[in-house]
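Q: I would like to go through this model with you, a few places at a time. Could we begin once it is on the screen?

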Amino acid sequence: MGKHTQRIGIYAGTFNPVHAGHIAFALQAMQAAKLDKVYFLPERRPRYKQGVEHFAHRAAMLRRASQPHPHFEVIELEDVTFNVKRTLPKLEAMFPGSRLVFLFGSDVVEHMGDWEQIHRLFTTSELLVGIRAEADRKTLQDVTASWPVQPLVLQIISSHAADVSSRSIRQALRARTGAKGLLSSVVRYSNHHWLYVSLA
């Protein structure tokens with residue numbers, strides 16, 4: 001029997017804040033892509049998004065949400081965004097000999113074709129995409145088919161909690177009400193640190 005090649009899921013995102021949809025997608029990905037572990041990689045300054053909560057708070061909430069799941073961990077890198085040129089070599093050095101499988105929501109995939117050196121990611125790694133509520137599988141397939149280089153493996157799955165959004169979670173935290181997908185660990189942390197509260 002040959003040595004098992006570790007299959008490592010890398011789930012980069014804003015996580016502003018983490019919610020049950022993120023956790024559900026990571027669990028789905030573990031099964032769909034036969035992953036050994038999933039590492040959440042919060043971005044310090046995400047592309048296309050303004051006014052996100054401080055990185056340290058988002059990372060802390062991620063660590064708390066990951067604790068019940070022994071195959072989940074959180075990575076904190078200095079890179080301000082997930083960047084193929086800078087971030088991919090760091091991840092490859094962290095997990096030598098492993099197959100990296102990148103997990104993204106369908107909202108991210110729309111822009112991936114424009115990323116610098118995206119061919120470098122696609123020619124070395126697998127990609128697993130979770131369809132968000134507003135996304136259409138056919139449109140998504142058309143977008144990925146238009147990429148000049150294809151990932152080693154591309155899987156598209158329907159997220160179990162596709163209709164949970166960080167926006168609705170933030171609104172619930174601001175109003176001190178419940179919402180679908182709101183994690184109790186996030187409520188406790190957010191309330192303790194007065195996050196997402198408008199003082200106006």
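Predicted model: local features only at pLDDT ≥ 70, side-chain atom pairs only at ≥ 80, totals over all residues.

Q: Where is Arg-176 placed in the chain?
A: Arg-176 lies in the loop between helix H7 (166-175) and H8.

Q: How exposed is Arg-176?
A: Its relative accessible area is 41%, so Arg-176 counts as partly exposed.

Q: Now H7 itself. Which of its residues are buried?
A: The buried residues of H7 are Ser-166, Ile-169, Ala-172 and Leu-173. Seen down the helix axis, they fall within an arc of 120 degrees, so they line one face of H7.

Q: Why would residues spaced like that point the same way?
A: An α-helix has 3.6 residues a turn, and therefore residues three or four places apart point the same way.

Q: What do the buried residues of H7 pack against?
A: They pack against H1 and H8.

Q: Moving to Ser-165, where is it found?
A: Ser-165 is in the loop between strand S6 (154-158) and H7.

Q: Is Ser-165 buried or exposed?
A: Ser-165 is buried, because its relative accessible area is 19% and the cut-off for buried is under 20%.

Q: What does Ser-165 touch, apart from its neighbours in sequence?
A: Leaving aside neighbours within four places in sequence, Ser-165 is in contact with His-19 and Arg-132.

Q: Let us follow that to His-19. Where is it?
A: His-19 is found in the loop between strand S1 (7-13) and helix H1 (20-32). With a relative accessible area of 4%, His-19 is buried.

Q: What kind of peptide bond joins Asn-16 and Pro-17?
A: The bond joining Asn-16 and Pro-17 is cis, with omega at about 0 degrees. Pro-17 is in the loop between S1 and H1, where His-19 is also found.

Q: What is the phi of Gln-117?
A: The phi of Gln-117 is near 60 degrees, a positive value in a residue other than glycine. Gln-117 sits in the loop between helix H4 (106-112) and helix H5 (118-122). Gln-117 is partly exposed, with a relative accessible area of 29%.

Q: New topic: how do H2 and H8 pack?
A: Helix H2 (residues 55-66) and helix H8 (residues 184-193) pack at an angle of about 150 degrees, and their axes are 9 Å apart. That angle makes H2 roughly antiparallel to H8. The crossing of the two helices is right-handed.

Q: Which residues meet there?
A: From H2 come Ala-56, His-57, Ala-60, Met-61, Arg-64 and Ala-65, and they meet Ser-185, Val-186, Tyr-189 and His-193 of H8. By class, this contact has six nonpolar, three polar and one charged residues.

Q: Last one: which residues of H3 are buried?
A: In helix H3 (residues 84-94), Val-84, Thr-87, Leu-88 and Leu-91 are buried. Viewed down the axis of H3, they fall within an arc of 95 degrees, so they line one face of the helix.

Q: What covers them?
A: The cover of the buried residues of H3 includes S1, strand S2 (37-42), strand S4 (99-105) and H5.

Terms used. Residues numbered from 1 in each chain as written. Heavy atoms only, no water. Helix = DSSP H or I, 4+ residues; strand = E, 2+ residues; numbered from the N terminus. Buried < 20%, exposed > 50% of the residue type's maximum accessible area, 1.4 Å probe, protein only. Axes fitted to C-alpha atoms, helices over the stretch in contact; angles between N-to-C directions. Parallel < 35°, antiparallel > 145°, perpendicular 65-115°, else oblique. Left-handed = near helix turned anticlockwise from the far one by under 90°. Contact = heavy atoms within 4.5 Å. Nonpolar A, V, L, I, M, F, W, Y, C, P; charged D, E, K, R; others polar. Arc of directions from axis to C-beta.
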